[in-house]
Amino acid sequence: MNGIDISNWQAGIDLSKVPADFIIMKATQGTTYVSPDCDRQYQQARKLGRLRGVYHYVDGTGATQEADYFVDHCKGYLRDAILAIDWEQEQNHAWGNYEYLKQLVRRVIERTGVKPLIYVQAGIYAGISRVAADL
């Protein structure tokens with residue numbers, strides 16, 4: 001399968017011209033940012049019959065608060081899209097703190113009943129695998 005991850009950097013993208021089987025849209029970051037183009041992107045992907053997901057970009061400002069912010073802003077997508085957590089070094093004050101990531105993911109599961117996808121660069125996959133095993 002071919003897939004892409006998009007954010008507001010691709011605001012206005014015409015997904016009908018993108019050869020992707022699935023599209024994962026950035027929905028939130030931290031506890032203050034909602035991507036302004038996320039819902040338009042999501043609805044276009046849905047109309048096109050593409051598989052969909054929404055992701056939260058972790059910024060490290062509070063695991064429970066970030067999880068709640070993500071879930072609160074994505075309630076309308078539950079049971080229609082996969083949920084994903086984007087764990088990257090840039091703009092993430094909790095980088096390297098796997099307990100933080102576990103707490104965030106556990107809270108998403110607690111609130112939704114859904115185990116989210118965690119995506120990260122290949123270089124730290126072993127650490128993420130240990131996090132996932134503990135959930």
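Trainee: What makes the way H2 passes H3 a right-handed crossing in this predicted model?

Mentor: The rule looks at how the near helix is turned from the far one: clockwise by less than a right angle is right-handed. H2 passes H3 in that right-handed sense, and their axes cross at roughly 40°. The two axes come within 8 Å.

Trainee: Which residues make the contact between H2 and H3?

Mentor: From H2, the list includes Ala 63, Ala 67, Phe 70 and Val 71. From H3, Tyr 100, Leu 104 and Val 108 are among them. By class, the contact has seven nonpolar, three polar and five charged residues.

Trainee: Why is Leu 104 called buried?

Mentor: Buried means under 20% relative accessible area. Leu 104 has 0% relative accessibility, so it counts as buried.

Trainee: What makes a group of residues a nonpolar core, and which have the most contacts inside the largest one?

Mentor: They must be buried residues of the listed nonpolar kinds, joined through side-chain atoms within 4.5 Å. The largest such core here has 30 residues, and Val 54, Phe 70, Ile 85, Leu 104 and Val 108 have the most contacts inside it. Strands S2 and S5 and helices H1, H2 and H3 each supply at least two of its residues. Phe 70 touches Val 54, Ile 85 and Val 108, among others.

Trainee: Why is S2 described as largely enclosed?

Mentor: Seven of its eight residues are buried, so the rest of the structure largely encloses S2.

Trainee: How do you know which strands pair with S2, and in what sense?

Mentor: Pairing takes at least two bridges. S1 and S2 have four, in the parallel sense, with Gly 3 bridged to Phe 22. S2 and S4 have seven, also parallel, and there Met 25 is partnered by Val 54. S2 and S3 have two, running antiparallel, so that pair meets the cut-off of at least two. Thr 28 has Val 34 as its bridge partner in S3.

Trainee: What lies between S2 and S3?

Mentor: Three residues, in a hairpin. Gly 30 in the turn has a positive phi of about 60°.

Methods:
Residues numbered from 1 in each chain as written. Predicted model: local features only at pLDDT ≥ 70, side-chain atom pairs only at ≥ 80, totals over all residues. Heavy atoms only, no water. Buried < 20%, exposed > 50% of the residue type's maximum accessible area, 1.4 Å probe, protein only. Contact = heavy atoms within 4.5 Å. Axes fitted to C-alpha atoms, helices over the stretch in contact; angles between N-to-C directions. Nonpolar A, V, L, I, M, F, W, Y, C, P; charged D, E, K, R; others polar. Lists of a residue's contacts leave out its neighbours within four places in sequence.
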